[in-house]
Amino acid sequence: MLKTKFENFPKGKQFSTILGDLLGRGIFAVDGELWNMQRKMASLELGSVSIRSYAFEIVGDEIRNRLIPLLESNQNGSVLDLQDVLRRFSFDSICKFSFGTDPGCLKLSLPVSDLQVAFDLASKLSAERAMTVSPLVWKIKRALNIGSEKKLKEAIKMVDILAEEVIMHKRKNDFTSQNDLLSWFMRNIDDDKLLRDIVVSFLLAGRDTVASALTTFFWLLSKHPQVIDEIRAESSRVIGKKTKKATLAIFEEIRKMHYLTAALHESMRLFPPVQFDSKFCQYNDTLPDGTFVAKGTRVTYHPYAMGRMESIWGQDCLEFKPERWLQDGVFKPQCPFKYPVFQGGVRVCLGKDLAIVEMKSIALALIRQFDFQVVAKGDTPKFMPGLTATVRGGLPVMVQERQQ
């Protein structure tokens, strides 16, 4: 279940302790100094009240003016791929928030952005490298510029070109007073190649993860209608009945939704958006259990497997139980090294709080206004190769507006 370079790697609670050492002490890196610099700069901005308010406003606007109207127009027995809708929603939102641009993927006509297509293909082909019998296969293809590696090269080139166009467009306008993240970086960095890499980084981190988490969340809700009832009851206690359909919960109301928070975390325990992740050791180190980790070693840990380990979560580890996250009705987070969905220590996800608020906002708005009937076959979602978990065949649903 866990792919590593060393044998007899510890499992269960011991593994959680070792993982805490790996991530918490920061002996592992993703892509060196560039990543560290981006992270330090982004952490300053993402932690500000103004940027969080800006993100919440964007998400609310996208829900109110696009997501809800789209679902309202697809009722009366028509089938809609909820996964596709959520991916389009998150792509629009991350582009607005990060770059100040609107690809309009969630408009009623459901247009497709060139950047979205190129990015999807590049992500898919990159992930498929891990499916080859040996790394030598894709390395030979890359050297000869043939097959999937040729397609990957072309997709990456297209992503780079489109990302550079975003930067050029931003430079032609007055970015000095704009609130998006790219404008903030451009006020502090004068290196277009670095800015291009930042654009790609934010797309990778903030787009598919939210859509993936919500897709499996709604699939789980279809199997556990009592959880939907609990969320609706909590929303009635916290925010009452809004008189206008387009009126969404405010930030303070979202924060008080402890059961909804628990349900989302429980869903991501069973179906984490990033099912496995790898780190490379920057220098020789010895873990607490005595395992020697040589410089350059790649270690892959598996949040999907960890979330299903009886030694970590107990005998009911395969059950969907939001209550395990509540103490006297209040959400209680778990140790990030037991629950590494957002990583932990110095590698913890900078956008964690923003992502959770976005997911809660979307889920609450849809659960309060609509009933969803999943029409997909099979008892368990099957996933496609990818950097994030994508359900094969999507999540076909029929939508019906609730009678309030």
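Here is a short walk through the model, one selection at a time.

**Before you click.** This is a predicted model, where local features need pLDDT of at least 70, side-chain atom pairs count only at pLDDT 80 or more, and totals for chains, interfaces and linings use all residues. Residues are numbered from 1 along each chain as its sequence is written, and side-chain values use heavy atoms, with hydrogens and water left out.

**Stop 1: colour by confidence.** The chain averages 83, with 86% of its residues at 70 or more. Where pLDDT is low, the predicted coordinates should not be read in detail.

**Stop 2: R52 and D353.** Show these two side chains and you'll find a salt bridge, with the closest N and O atoms 3.6 Å apart. A salt bridge here is a side-chain nitrogen of Lys or Arg within 4 Å of a carboxyl oxygen of Asp or Glu. R52 lies in helix α3 (residues 49-72) and D353 in helix α16 (residues 352-369), so the pair ties together parts 301 residues apart in sequence. R52 is partly exposed, at 34% relative accessible area, and D353 is also partly exposed, at 40%. (Buried means under 20%, exposed over 50%, partly exposed in between, with a 1.4 Å probe and protein chains only.)

**Stop 3: D192 and R171.** Here's another salt bridge, its closest N and O atoms 2.7 Å apart. D192 is in helix α9 (residues 192-206) and R171 in helix α7, 21 residues apart. D192 is partly exposed at 39%, and R171 is partly exposed at 31%.

**Stop 4: D197 and R196.** This pair forms a salt bridge too, with the closest N and O atoms 3.2 Å apart. R196 counts as buried, at 13% relative accessibility.

**Stop 5: a network.** Select D61, E62, R66, D92, K96 and D102: salt bridges that share partners join them into one network. The structure holds 25 salt bridges.

**Last stop: I146.** Find I146 in the loop between α6 (135-144) and α7 (147-172). I146 is partly exposed, with a relative accessible area of 41%.

Conventions: pLDDT is the predictor's confidence in each residue, from 0 to 100. Helices (H or I, at least four residues) and strands (E, at least two) are DSSP runs, numbered from the N terminus.
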